[in-house]
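Subject: Structure handover

Hello,

The structure we spoke about is below, with its sequence. Notes on what was found in it follow.

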Amino acid sequence: HSFAWWLAAVFGARGLFRRFFAPRIALFATVIFALAPCHAIPLAWLANREALVSLALGLFALGHYEDFRASRSLARGAAATLLFALSMAGGEYGLLLAGYVVAAEVFARDAAPRPSHAARALGVLPWLAPTVAYLAVRRRFGYGAAGSGFYSDPTQAFGEFMSHAPRRFASLLLDGWLSLDGDGLRALGGWQVGLLLLGLLILLAAPVHGAISRLDDRAAGRATALLTGSVLGLAPALAVSASPRLLAASMLGVASTVAIVLNDAWFAPRAPEGALESAHAPRGQFTAIIAYVLGFLHLIHAPVTSWVVGKEIGFGARLFAAHARSLGKRAGAAEAPSEAAVQLVRAPNAALFMPFALNARAEPPRRWRVLARAPHVLATREGPRTLVLAAPRDVSLFTTEDGDVFGAAPMSLGSVLRVGDMSIEILEVGAEGPQRARFTFDRDLEAEGMVWATETLRGYPSVAPPEVGFGAPFDP
């Protein structure tokens, strides 16, 4: 099913490339788009299929939108509006196509004389109407994310959104143009990612500008619009922790631009020896080198990266399923919804998915508690119902880094939070957040139905709370 949506997206992109460019450029662009690593996660991770659904419908919407711009046909406009609406109904990835609509009205040179501002405003209606409706419904019913380090909703936490935006923007551009898997940049600091992007832009500027300028006027306008749209369309993606899975829409412009550079360097006619250089001749050895690097990255490295990402997700999924079966049996959730209360002393990674994987009906246990997400935790037993957890110095019990699905609300020293059958008192706060907290339950820690576990590199082994007056470390 996911591959069918991916194939539909590839055909949608192919239709746009063939509409705008010569057949060889369209072929290169289609291959680059189809094999890009940005499709690997939506193909391998079932929960991310909506990216392919939105993309496929959105690309066909762009095709009808182009027909509407050229003819102002009400039928084409209605078809574009409907497909844009379906794209956004498939998932918010439909918003990532906005850059192409805006850029087309600014850079595409199809009509002479150029359309007026009023005509351009009218031209974006097939996209603008469903977008406004989508955002209105989203606001009316309170959709969106809050309290997360993974999602930074600009309508609810603008400051947090802006603090993450520069790093996310640079990472997405690098992932798209270098066909990366998203993990290689995580170890770099923000300034290192910024310098890497600056260097990439300097290297690509002359070859890209030269290749586009040697196209005919209409194709050059379309190439500029697609390149610009691929950058503008990243704006909504900055609300999410950077990942190649956000780049499928942006790859439309990246693929076309890379294809134009490859065609310009490899196939443009050369002037006869001794004659003046043709207006369409490549710019020289530097452009040829850049073209070979881009060709390697997008025609060789990209499909290998996509395959590796898919294999890694498959391995991780099988390992996760094995861990879920083991923990589910211990929680008594193999056949029916469990009455158990599962307490994970520390679990940095699987807190989001694991409770829904403990039985075949995806029904979580009655209680699912992740007490801490720090890499190392010391647990001290103060009483039959009380456990104190402490993280290392300058480490928070509840991490809130970019990429953490769950964030922590601001908690000051002495704060007391009540969560279901448990209260939490903050005993010590450091620069990164709470470092020590007391967890008091409404029943004894060894009471029937209390299942204790922790997350390690080997899975979720059972653990026992320490004896009263004693402590125990919990590590990866």
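A place to begin is Phe 21, which touches Ala 219, Arg 222, Ala 223, Leu 226, Ser 256 and Ile 260, leaving aside residues up to four places away in sequence. Please keep in mind throughout that this is a predicted model.

Phe 21 also belongs to the largest nonpolar core, which has 88 residues. The members that touch the most other members are Phe 17, Phe 21, Phe 33, Leu 59, Leu 62 and Leu 252. Another core lies apart from that one and holds 24 residues, including Ala 341, Phe 398, Leu 445 and Ala 472. As background, nonpolar side chains in soluble globular proteins tend to be buried together.

Next, the helix pairs. Two packed helices are described by the angle between their axes and the distance between the axes.

H9 and H10: helix H9 covers residues 158-178 and helix H10 covers residues 190-213. Their axes come within 9 Å and cross at roughly 45°, so H9 is oblique to H10. The crossing of H9 and H10 is left-handed. On the H9 side the contact is made by Arg 167, Ala 170, Ser 171, Leu 173, Leu 174, Trp 177 and Leu 178. H10 contributes Gly 190, Val 193, Leu 196, Leu 197, Leu 200 and Leu 204. By type, the residues of this contact are ten nonpolar, two polar and one charged.

H10 and H13: helix H13 spans residues 285-330, and its axis comes within 10 Å of the axis of H10, with a crossing of roughly 110°. H10 and H13 are therefore roughly perpendicular to each other. Leu 203, Leu 204 and Pro 207 of H10 meet Phe 286, Thr 287, Ile 290 and Leu 294 of H13. The residues of the contact of H10 with H13 divide into six nonpolar, one polar and no charged.

Ser 179 sits in the loop between H9 and H10. Its phi is near 50°, a positive value in a residue other than glycine. Ser 179 counts as buried because its relative accessibility is 2%, and the cut-off for buried is under 20%.

Asp 394 has a positive phi as well, near 65°, and is likewise a residue other than glycine. Asp 394 is found in the loop between strand E4 (386-390) and strand E5 (416-419).

Val 240 is placed in the loop between helix H11 (217-232) and H12. Is Val 240 buried or exposed? Val 240 counts as buried, because its relative accessibility is 9%. Leaving aside residues up to four places away in sequence, Val 240 touches Phe 150, Tyr 151, Arg 168, Arg 245 and Leu 246. From Val 240 to Leu 62 the separation is 178 residues in sequence and 24 Å in space, C-alpha to C-alpha.

Asn 263 lies in helix H12, which runs over residues 251-266. Asn 263 counts as buried because its relative accessibility is 14%. Which residues does Asn 263 touch, not counting residues up to four places away in sequence? They are Arg 24, Ile 25 and Ala 268.

Regards

Definitions and conventions:
Residues numbered from 1 in each chain as written. Predicted model: local features only at pLDDT ≥ 70, side-chain atom pairs only at ≥ 80, totals over all residues. Heavy atoms only, no water. Core = buried A, V, L, I, M, F, W, Y, C linked by side-chain atoms within 4.5 Å. Buried < 20%, exposed > 50% of the residue type's maximum accessible area, 1.4 Å probe, protein only. Contact = heavy atoms within 4.5 Å. Axes fitted to C-alpha atoms, helices over the stretch in contact; angles between N-to-C directions. Helix = DSSP H or I, 4+ residues; strand = E, 2+ residues; numbered from the N terminus. Parallel < 35°, antiparallel > 145°, perpendicular 65-115°, else oblique. Left-handed = near helix turned anticlockwise from the far one by under 90°. Nonpolar A, V, L, I, M, F, W, Y, C, P; charged D, E, K, R; others polar.
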